[in-house]
Amino acid sequence: MSKNLLIVESPAKARTIEKILGDDFDVRSCYGHIRDLEKDDMGIDVKNNYLPRYKVPEDKEKVVKELKQCAKKSKEVWLASDEDREGESISWHLAEVLGLDPKTTKRIVFHEITAPAIKKAVSNPRLINMDLVNAQQARRVLDRLVGFELSPVLWKKIGMQGGLSAGRVQSVAVRLIVDREREINQFKVETSYKVEAIFNAKDINGKPVNFKADGPVKINKQDTAQEFLESCRHAKYTVGDIAVKPAKRSPAAPFTTSTLQQEASRKLGYSVSKTMLLAQRLYESGKITYMRTDSLSLSETAMVEIEKEINSSYGQKYFQTRKYKNKNESAQEAHEAIRPTYMENHSVDDEDSRRLYELIWKRTIASQMSDAQFEKTIAKINISTNKDQLTANGEVMKFDGFLKIYLEGKDEDDEEDTEGILPPLTVNQVLDFREMTATEKFTRPSPRYTEASLVKKLEELGIGRPSTYAPTITTIMKRNYVDKRDKEGVKRQVNQLTLTPNNVVDKKVLVENTGAEKSKLFPTDLGMVVTDFLKQHFKDVMDYGFTAGIEGEFDEIADGKVKWSTMIDDFYKPFHSTIELTLETAERAKGERDLGIEPVSGKKVIARMGRFGPMVQIGDTSNEEEKPRFAKLKADQSIETINMEEAMELFKLPRNLGLFEGTDVLVNIGRFGPYASHNKNFYSLNKEMDPYNVLLEDIAPMVEEKRKAKGERTIKVFEKEKIQILKGPYGPYIKQGLRNYKLNKEQQERAAALEIDEVKAIIEELKANPPKKVARRKKA
């Protein structure tokens, strides 16, 4: 009974803290949440103030049993889960399950795992904050109510695929992506002409250099652009006016969860989930402060360390104390921004985490550095043959300040700063003209969202919180509502007019690549159909402002201003009425679009959602005499954008490629993707093979290779029963049709000797008593 038991969420965190606290504490991990709502009847007693019914899941029973045993042996139990609402909820569940009194059990919090922080927390314990617990409980109950009531509506009214679901935040996130896609599809490109002139002058060293000057305005038509260039023939160009003014650039604030996710995406190419995984690893090993935060503040201790680091490494003139204010007034729990725990550590040894840690270190240091100072020059250039002026912009850095170590990345929709350095110019100086161009420019729609820019938008709208961004994005991709992929660009002709030094206007056509995108979020047809259905029938749930307002109500519960069950009741009653009305009156959603009439048969052609995804259909399902024909859409095609010509191309399958070993080879697309069939056997096409273009000489070697690999895997075949015993990565197993059956160790050792009666008995036993799936331990 000598030791104190201190419980945290993760084993890595437990190991780090145990080293700090020494022998007086036994530090154990609960592996995240130890209880969740029951699955039956939503796990919520709607008629009893929405009382939740919690249950310890099977995969946590062993953990709970071990913690109970440790608690009995300890003189006191301390709860040290994370300091956000989710962490507070974990501590409360631990107290409930372990039989601890929430009114007396010691609860400690810290935002960094360092010796001073942990010891200070132990010296200043508090009690479980029930307002924070209730805020998290309200979120969990509300999300369960929405998910459990809304999802069955989708199954009944759409129901093409299993796994359809809806959620309060995920559905709004999908709507953002769908709305952006439609905005892009409906965008009308407009053209204009940008005029640029190139001049030559001597720099400060007397060396001739070229510099650029922009034309007066954007010109809409090619004829007008040509007229302007023609009007500049034989012109003399003189400097009319020079304005020099100081300019400065200030550093960005230290990282919050969302800005870290955005910058790691821009600079390191990391997904949101990878960033959070690495950040959690850095936090649990004591390298950075808590990684789920929307605070911009830095502790006094950190500020002292940062000042010392800047002064010693760069000099006193580079240091400038700054305090940043969060634009989001409802920022949850004013913790601290994400920063290194010890500023003298410029890097870490772990290769995976090193790049993210160095990004955090540089951003933290830069946030307290001086402004970068510039001298901005604007020169107006007169044209002797007309009344227009050209403008040359230049910028010279006078003091680098924070730019010495860090420059924040930019998103695609941010305007680029293309100002260069101008040579010394004087008023009335005659310039040496080199050329003037008028180049065709095209307007662009807003870019598709990346994971990081979606997080940025959700944060701007006040939807979700630091702990919800990553799981939301994971969920919408897992549910097949959103697809993350690259898009190849297309060639486009660009007209350009050039006024040469010989005063001749030349015309030429350039070619540029446009529309290429990398790791962007595209809505699937399923995502579009579900979004349209929810927007039509559940306007509040899909409204950005309403969803953000719900987050505000959670904040009020956390502040003790609102009773959580009252807030749930205000939402649930009208929501439930809408559910019942929709189930009773709403028509089934198909996402159907007419494409036209097939010339040969005269039958109607439509694109729609089918049981296994988007497809094109020729004919009517109501015609019993002749069944309609179906073709699955390609991965990069959509119901909303496919045209008649592209649809007809899909019906070229199945294709007969010719004879191989005396038997026809057919290629087609099935439920599980493109495949080749040969001699009653089926082979999935290699990833790079297109079933519409692949040739026999490509397929034949693939068939031979896969046939050989299959033969090497086969231990025994029972032809009559269509049962095989095959080699797998974890040992021999039984395969019957599409189902696999695991053998135990003794059965695997004598797999080759198994007879059909015993194999059948094994299958029946496994069907009757399927093995339990063991879930990985992780924070929920």
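A residue counts as buried here when its relative accessible area is under 20%, as exposed when over 50%, and as partly exposed in between (1.4 Å probe, protein chains only). This is a predicted model, in which local features need pLDDT of at least 70, side-chain atom pairs count only at pLDDT 80 or more, and totals for chains, interfaces and linings use all residues. Residues are numbered from 1 along each chain as its sequence is written, and side-chain values use heavy atoms, with hydrogens and water left out.

**The whole chain**
- The protein chain holds 21 helices and 30 strands; these are DSSP runs (helices H or I, at least four residues; strands E, at least two), numbered from the N terminus.
- Its C-alpha atoms fill a box of roughly 100 × 80 × 55 Å along the principal axes.
- Of the 780 residues in the protein chain, 47% are buried.

**Helix 3**
- Helix 3 covers residues 85–97 and reaches 18 Å from first to last C-alpha, close to the 18 Å expected (1.5 Å times one less than the number of residues).
- Just past helix 3, Gly-99 has a positive phi of about 70°.

**Helix 6**
- Helix 6, residues 170–185, spans 23 Å, close to an expected 22 Å.
- Helix 6 is largely enclosed by the rest of the structure, because 13 of its 16 residues are buried.

**Where helix 5 meets helix 14**
- The axes of helix 5 (residues 130–157) and helix 14 (residues 525–537) come within 12 Å and cross at roughly 115°; axes are lines fitted to C-alpha atoms, for helices over the stretch in contact, with angles from 0 to 180 degrees between N-to-C directions.
- Helix 5 contributes Leu-150, Val-153, Leu-154 and Lys-157 to the contact (heavy atoms within 4.5 Å), while helix 14 brings Val-530, Phe-533 and Leu-534.

**Nonpolar cores**
- A nonpolar core is a set of buried Ala, Val, Leu, Ile, Met, Phe, Trp, Tyr and Cys residues joined through side-chain atoms within 4.5 Å.
- The largest such core has 166 residues, and Leu-6, Leu-356 and Ile-699 touch the most other members.
- Helix 5 gives the most to this core, at eleven residues.
- Apart from this core lies another of 29 residues, among them Ala-201, Phe-228, Tyr-237 and Ala-392.
- Beyond its neighbours within four places in sequence, Leu-6 is in contact with residues including Ile-17, Phe-25, Trp-78 and Ile-108.
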